[in-house]
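This report describes how a single protein chain is folded. Please keep the sequence and the structure in view while reading.

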Amino acid sequence: MYLIRNTFAAKPGQAGKLANQLKEMVSIGKLRNSRILTDVSGDFNTVVMEHEMETLAEWESLMERYRTDPQIRSLAAGYLDLWTAGKRELYKIA
């Protein structure tokens, strides 16, 4: 099992909007054990999306679906305008 964590530095005033948009994308993507987090301390305007995948092949398939599914692409429209930097971390759950 793998934990995938995507961390975004939202533009000032956009963290809530980004979090809501990610929630919708997670819902359509039917991601397992997913959650959206926003900062309480640490770097301001941080939004984190976490979910679990059984295999890395499953994750690669999901990435392809997110690139090609018209419904997901429509929902994601404009999301790049809400953040300035980000990173992705993949962890193997022991």
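Helices (H or I, at least four residues) and strands (E, at least two) are DSSP runs, numbered from the N terminus. By that definition, the chain has 3 helices and 4 strands.

## Basis of the report

The model is predicted: local features need pLDDT of at least 70, side-chain atom pairs count only at pLDDT 80 or more, and totals for chains, interfaces and linings use all residues. Residues are numbered from 1 along each chain as its sequence is written, and side-chain values use heavy atoms, with hydrogens and water left out.

## The chain as a whole

Read from the N terminus, the elements follow the order β-α-β-β-α-α-β. The radius of gyration (taken over C-alpha atoms) is 13 Å, close to the 12 Å that the globule rule gives for 94 residues, so the chain is as compact as a globular protein of that length. The globule rule is 2.2 Å times the number of residues to the power 0.38. Along the principal axes, the C-alpha atoms fill a box of roughly 35 × 35 × 20 Å.

A residue is called buried under 20% relative accessible area, exposed over 50%, and partly exposed in between (1.4 Å probe, protein chains only). Of the 94 residues, 38% count as buried. A contact means heavy atoms within 4.5 Å. Among contacts with a separation of 6 or more, 72% come from residues 24 or more positions apart.

## The sheet

Strands of a sheet pair through backbone hydrogen bonds, either parallel or antiparallel. Here, two strands are said to pair if DSSP finds at least two bridges between them. In what order do the strands of the open sheet stand? The order of its 4 strands is β2-β3-β1-β4, with antiparallel pairing. β2 and β4 stand at the edges with a single partner strand each, so one side of each is left without a neighbour in the sheet. From one strand to the next, the twist averages 15°; such angles run from 0 to 180 degrees between N-to-C directions, and the axes are lines fitted to C-alpha atoms, for helices over the stretch in contact.

Strand β1 is mostly covered, since 7 of its 9 residues are buried. β1 pairs with β3 over 8 bridges and with β4 over 9 bridges, in the antiparallel sense. Thr-7 illustrates both pairings: opposite this residue stands Val-48 in β3, and its bridge partner in β4 is Lys-87. The antiparallel pair of β2 and β3 has 5 bridges, and Ile-36 stands opposite Met-49 in β3.

## Tyr-2, a residue of β1

Tyr-2 has its place in strand β1. Is Tyr-2 buried or exposed? Tyr-2 is buried, with a relative accessible area of 18%.

Tyr-2 and Met-53 are 51 residues apart along the chain, but their C-alpha atoms are separated by 5.2 Å. Beyond its neighbours within four places in sequence, Tyr-2 is in contact with several residues, including His-51, Met-53, Leu-56, Tyr-91 and Ile-93.

## Helix α1

Helix α1 covers residues 15-29, which makes 15 residues. From its first C-alpha to its last, α1 reaches 21 Å, close to the 21 Å expected at 1.5 Å a residue; the expected span is 1.5 Å times one less than the number of residues.

The buried residues of α1 are Ala-15, Leu-18, Ala-19, Gln-21, Leu-22, Met-25, Val-26 and Gly-29. Seen down the helix axis, they fall within an arc of 165°, so they line one face of α1. The arc is that of the directions from the helix axis to the C-beta atoms. Lys-17 and Ser-27, on the other side, are exposed. The elements against which the buried residues pack include β1 (2-10), α2 (56-68) and β4 (83-92). Just after α1, Lys-30 takes a positive phi of about 50°.

## Helix α2

Helix α2 lies across β1, β2, β3 and β4, and runs at about 125° to β3. Its 13 residues should span 18 Å at 1.5 Å a residue, and the end C-alpha atoms are 19 Å apart, which agrees.

Which residues of α2 are buried? They are Trp-59, Leu-62, Met-63 and Tyr-66. These residues cover an arc of only 100° around the axis, which puts them on the same side of α2. Ala-57 and Glu-60 are exposed on the face turned away from that buried side. The cover over the buried residues of α2 includes β1, α1, β3, α3 and β4.
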